[in-house]
Amino acid sequence: MNAAASTFLLPDTGEPGFGVYIHWPFCAAKCPYCDFNSHVRHQPVDQPRFVSAFLREMERMRALSGPKTVTSIFIGGGTPSLMDPQTVDAILSGIARSWHVPDGIEITMEANPSSVEAERFRGYRAAGVNRVSLGVQALNDRDLKFLGRLHNVEDALKAIRLAREIFPRMSFDLIYARPNQTVEAWEAELRQAISYAVDHLSLYQLTIEEGTPFYGLHKAGKLIVPDGDQSATLYEATQDITASEGMPAYEVSNHARPGAESRHNLTYWRYGDYAGIGPGAHGRLTTGRDKLATATERNPERWLDLVEQDGHGMVDRERLGLEEQADELLLMGLRLREGIDLARWSAFSGRDLNPDREALLLEHGFVERIGNSRLRCTPSGMLILDAVVADLAC
C-alpha cells in the first residue's frame, strides 16, 4: 500500500464509520495475565502462507460487507511487530483492493517494545502505518518482570522515542491496580508516562481472567490485587491526573488530547461496522436490517486449514435483530464520554428509554443528558457501568 508519505489525518466526523481489523495471533511469549487469542510458536511462522490466507478471508468479508469506504484499519494481536514489513504491506494492499481506502485514514499497528527495531518501524511506516500502539504496561522493571514482559524500561523508552520519530501518532498501554501498588506510586508513574509527549494513553486495571496463570495464583491466594475501594481510588486518581494534564478520558480506559482519539476504537464504541480478519477475529457487518456477528477459528493452524479449504475461517455467524443491536449499542456507547444518540437507540429498539429507570439513574447522579439528544454516564456511573447498562436496557 503506497501511502507512506501521508502525515495528515482526515477529521473525525462523529459517524460510526467502517473499520477493518486484522488479527496476527503470534507472540514471543504468553503474558500471565493475558486471555487474548495469542500463541507462541518456537518455529518460524510461514508468513507468506498466512498472507495468502488473510487475503482469501478478506475476499469473503468483502462479499458480505459489499462496497465500503474504510475509515480505519487496526492490526492487532498477538504481537504484530513480529511481522515482516513486507507482510504488513501485502495485507494493507489487499485491504485497498477489497474496499475503498482514502488517503488520511488512521492505520494502527500494535507493537511490543521487545520486538522494536528502527528498520522494521520504518518499514511499517513505508507500508502505510501512521499510528503505533505500544504495549509498555509498566514503567518500572520489577513490575514488568511480574507481568511477564520481555522488555525492560530502557527498551520501552527506546521504543517510545522511535515511535515519536517515525510515526505521526503514537499511543501506549499501561496496566495499573497491580499488587501492592499505592496511589502515590501510580500517580508518579502516570505523570511520568504523560511527560513522554504522548497524545494517547490506554490505561487498564489489572483484571484476573479465568484460564490465565494469574487466575490460578489468585485463586490459591498467592496473588492479591487491590480490593474494590482501592481500585476505585486508583481509577479516580487516573481521571483527575489525565484531565489536569489535558488528556481526559474519552472512554472508560482511554485518554487522549483533543483530536488524538483512536478512530478505530471509536468505530467499535459508536457501534459501527467492522470486518474482522484472521484467527480469532470478530466482526460486525450490517446486512439489511440485521447485523451479522462473525467470529473466526481461534487456533492459527486450524484457521489456516479452514481458509485454504473453504475460503474463510469463520466458525460462527449470528444475525442480530434490532433489539439485540440496541443492546449492543447501549453497552458500547455508554463507555464513551460522548454517550449515545438516543434517537439511534430508539430506532433500533422501537421504544424510548424507560423514564422511571432513567429518572432514578439521573437522581443518583449516574447518568446525565447532553441536550435533548444524547445520554452519557457520569464519572460515578462509569464506576458501575455494567449495572447502569443493565438498568437502561430493561
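Predicted model: local features only at pLDDT ≥ 70, side-chain atom pairs only at ≥ 80, totals over all residues.
Reader: Understood. Which residue forms a salt bridge with Arg 369?

Author: Its partner is Glu 358, and the closest N and O atoms of the two residues are 2.6 Å apart. The pair links distant parts of the chain, eleven residues apart: Glu 358 is in helix 13 (residues 355-363) and Arg 369 is in strand 16 (residues 367-370).

Reader: And is Glu 358 buried or exposed?

Author: Glu 358 is buried, since its relative accessible area is 7%.

Reader: Which residues do salt bridges with shared partners join into one network?

Author: Asp 12, Arg 270, Glu 338 and Arg 374 are joined in that way.

Reader: How many salt bridges are there by this rule?

Author: The count comes to 25. One of them joins the side chains of Arg 49 and Glu 308, at 2.8 Å from N to O.

Reader: What about Arg 178 and Glu 189?

Author: Their side chains meet in a salt bridge of 2.6 Å, N to O. Arg 178 sits in the loop between strand 7 (169-176) and helix 6 (183-194), while Glu 189 is in helix 6, eleven residues away; the pair links distant parts of the chain.

Reader: Are these two residues buried or exposed?

Author: Arg 178 is buried, because its relative accessible area is 1%. Glu 189 is buried as well, with 6%.

Reader: Let us turn to aromatic rings. How many aromatic pairs does the structure hold?

Author: There are 16 aromatic pairs. Among them, Phe 146 and Phe 214 form a stacked pair, 4.9 Å centre to centre with 25° between the planes.

Reader: Where do Phe 146 and Phe 214 lie?

Author: Phe 146 is in helix 4 (residues 141-146) and Phe 214 in helix 7 (residues 213-219), so the pair ties together parts 68 residues apart in sequence. Phe 146 counts as partly exposed at 28% relative accessibility, whereas Phe 214 counts as buried at 3%.

Reader: Which residues form one aromatic cluster?

Author: Trp 24, Phe 26, Phe 50, Phe 54 and Trp 303 form one such cluster.

Reader: Which ring does the charged end of Lys 291 sit over?

Author: That charged end sits over the ring of Tyr 271, 4.5 Å from the ring centre.

Reader: On to the core. Which residues touch the most other members of the largest nonpolar core?

Author: They are Ile 95, Trp 99, Phe 121, Leu 134 and Phe 172, out of 87 residues in that core. Helix 5 gives the most to this core, with six residues.

Reader: What is Phe 121 in contact with, leaving aside neighbours within four places in sequence?

Author: Its contacts are Ala 111, Val 116, Val 132, Leu 134, Ala 159, Leu 162, Ala 163, Ile 166 and Phe 167. Phe 121 is one of the buried residues of helix 3 (residues 118-127), which also include Arg 120, Gly 123, Tyr 124, Arg 125 and Ala 127.

Reader: What covers the buried residues of helix 3?

Author: The cover includes helix 2, strand 5 (106-111), strand 6 (131-137) and helix 5 (153-166). Helix 3 is followed by Gly 128, which has a positive phi near 125°.

Reader: Where does Ser 98 lie?

Author: Ser 98 lies in helix 2 (residues 85-98). Ser 98 is buried, because its relative accessible area is 15%. Apart from neighbours within four places in sequence, Ser 98 is in contact with Met 58 and Arg 62.

Reader: Finally, what does UniProt list for residues 12-248?

Author: The unreviewed UniProt entry lists these residues as "domain: Radical SAM core". In the model, this span is 42% helix and 19% strand, and its end C-alpha atoms lie 17 Å apart.

How values were computed:
Residues numbered from 1 in each chain as written. Heavy atoms only, no water. Salt bridge = Lys/Arg side-chain N within 4 Å of Asp/Glu carboxyl O. Helix = DSSP H or I, 4+ residues; strand = E, 2+ residues; numbered from the N terminus. Buried < 20%, exposed > 50% of the residue type's maximum accessible area, 1.4 Å probe, protein only. UniProt positions renumbered as here; feature names shortened; annotations may be inferred. Phe/Tyr/Trp six-rings, centres within 6.5 Å; stacked < 30°, edge-to-face > 60°. Lys NZ or Arg CZ within 6 Å of the ring centre and 35° of its normal. Contact = heavy atoms within 4.5 Å. Core = buried A, V, L, I, M, F, W, Y, C linked by side-chain atoms within 4.5 Å.
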